[in-house]
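Reader: Hi, I'm new to this one. Can you put it on screen and walk me through it?

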Amino acid sequence: MDVEQRIALVKRNAMEIVNEDELRNLLVSKESPLAYIGFEPSGLVHLGWALVASKIRDLCDAGFRVVVFWADWHASINDKLGGDLENIRTCARYMEDCFIALGVDPSKVQFRYATELISDPSYWEKLIKVGKVTSLNRIKRAMTIMGRKEDEAELDSSKVIYPLMQATDIFHMGIDLAYAGIDQRRAHMLVRDAAEKLGWQKPVAVHTPLIPGLKSSGGRMNPDEVENKGIEAASQDMVDNKMSKSDPSSSLRVHDTPDEIRQKIKKAYCPPEKEFENLNPILMMSKYIIFPKFGRMDISRPEKYGGDVSYDSYEALADAYFSGSLGPVDLKNGFADALIKYLEPVAEYFKAHPENYTRMTEIVSSLKKLR
């Protein structure tokens, strides 16, 4: 596979590459560069992870060694799962299961924990150096990466450490390419800025879109407006509307049954206007999850409404929907059928390996009772 083919794999379904020239130079100079994506282990997994799993496979296919990084201490700082490290590490083991169930080959990735890094004194030396070249205002602005507001650091100063740790993770592991959803953009820009000031290796940053929640929660920027309003505004717009683990009624979980999937999709926001395309969860999940997996969508419908129809690309599906030749009910039904098929291997995996998922549901249930 030549360099351009590898670049095409890295760019597939990406919203932003910072930047493509650096990516090309990296692939020319290194046969097996090191990529990373970090996660807070924090709850039950929703369908947005399917896009992430697909991107991890792309990076592996493009010749990257990939680290999936479980930010256990970061999650504790961010008060996830009661701040209990044992709960958080149980969640990491469950999330590892989820990635394998979604098609990530465990032989091609390395699962690592923050605990491994922080025991090395040189990690903290690097963190202090990053802090020395990064203003407090810049760190507080980056706190949105953890779903926090800037002023929350006034009540809990440990929150300020989080962005510095995220940057130091990347430097300490010698990461060549940092991948995440667009909500982590500020962290990656902080990393690149610090690297430039310190004369350290500057990682390429790759960002994918965020899957919207099933409910409408306000307007969203059309992709054509990104150039006018800027990627930062576009990323915040996606953060405001993203699918979330904390709202089960607005998210599709990878463990949902066929009946649950159909019920949730039946109620999902699905506007037929093109200007709301990026706000439409059914279209966005079709684009980023169904078509990359199956390459088509087959929709069954009564003869009086035109009979069965198939679409060989997302663009053809979207054109039909926006033109009115495909209605919302038929789109939802076709998507539900495809998603149920997509998630069959996940159900089979957890039927054979239920331990971590069972423990995770027990933890979530017990924490709800404490509220």
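Author: Here is a walk through some backbone features, single residues and helix pairs.
Author: This is a predicted model, where local features need pLDDT of at least 70, side-chain atom pairs count only at pLDDT 80 or more, and totals for chains, interfaces and linings use all residues. Residues are numbered from 1 along each chain as its sequence is written, and side-chain values use heavy atoms, with hydrogens and water left out.

Reader: Is the peptide bond from valine 18 to asparagine 19 cis or trans?
Author: That bond is cis, with omega near -15°. Asparagine 19 sits in the loop between strand S1 (16-18) and helix H2 (20-29). Helices (H or I, at least four residues) and strands (E, at least two) are DSSP runs, numbered from the N terminus.

Reader: What is phi of asparagine 13?
Author: Near 65°, which is positive in a residue other than glycine. Asparagine 13 belongs to the loop between helix H1 (3-11) and S1.

Reader: And what about aspartate 79, where does it lie?
Author: In the loop between helix H4 (72-77) and helix H5 (85-101). Aspartate 79 is not a glycine, yet its phi is positive, about 65°. Aspartate 79 is partly exposed, at 43% relative accessible area. Buried means under 20% relative accessible area, exposed over 50%, and partly exposed in between (1.4 Å probe, protein chains only).

Reader: Switching to helices. How many residues of H9 are buried?
Author: Eleven of its 13 residues, so H9 is mostly covered. Among them are Tyr162, Leu164, Asp169 and Phe171. Helix H9 covers residues 161-173 and reaches 18 Å from its first C-alpha to its last, close to the 18 Å expected at 1.5 Å a residue. The expected span is 1.5 Å times one less than the number of residues.

Reader: What comes just after H9?
Author: Glycine 174, with a positive phi of about 70°.

Reader: Now lysines. Is lysine 55 buried or exposed?
Author: Lysine 55 is buried, at a relative accessible area of 1%. Lysine 55 is found in helix H3 (residues 48-61).

Reader: Which residues is lysine 55 in contact with?
Author: Leaving aside neighbours within four places in sequence, lysine 55 is in contact with Leu9, Val10, Lys11, Arg12, Tyr179 and Thr208. Contact means heavy atoms within 4.5 Å.

Reader: Is lysine 132 buried or exposed?
Author: Lysine 132 is exposed, with a relative accessible area of 72%. Lysine 132 is in helix H7 (residues 121-132). From lysine 132 to alanine 194 is 9.2 Å, C-alpha to C-alpha, although 62 residues separate them in sequence.

Reader: How do you describe two packed helices?
Author: By the angle between their axes and the distance between the axes. Axes are lines fitted to C-alpha atoms, for helices over the stretch in contact, and angles run from 0 to 180 degrees between N-to-C directions.

Reader: At what angle do H1 and H2 pack?
Author: About 130°, with their axes 10 Å apart. H1 and H2 are therefore oblique to each other. Angles under 35 degrees count as roughly parallel, over 145 as roughly antiparallel, 65 to 115 as roughly perpendicular and the rest as oblique.

Reader: Which residues of H1 and H2 make the contact?
Author: H1 gives Val3, Glu4, Arg6, Ile7, Val10 and Lys11, while H2 gives Glu20, Leu23, Arg24, Leu27 and Val28. By class, the contact has six nonpolar, no polar and five charged residues. Ala, Val, Leu, Ile, Met, Phe, Trp, Tyr, Cys and Pro count as nonpolar, Asp, Glu, Lys and Arg as charged, and the others, Gly among them, as polar.

Reader: How do H14 and H15 cross?
Author: At roughly 160°, with the axes of H14 and helix H15 (residues 314-323) coming within 10 Å. That makes H14 roughly antiparallel to H15. Leu283, Met284, Ser286, Lys287 and Phe291 of H14 contact Tyr314, Leu317, Tyr321 and Phe322 of H15. By class, this contact has seven nonpolar, one polar and one charged residues.

Reader: Is serine 286 buried or exposed?
Author: Serine 286 counts as buried, at 0% relative accessibility. Serine 286 has its place in helix H14 (residues 281-294). Leaving aside neighbours within four places in sequence, the contacts of serine 286 include Met297, Tyr314 and Phe335.
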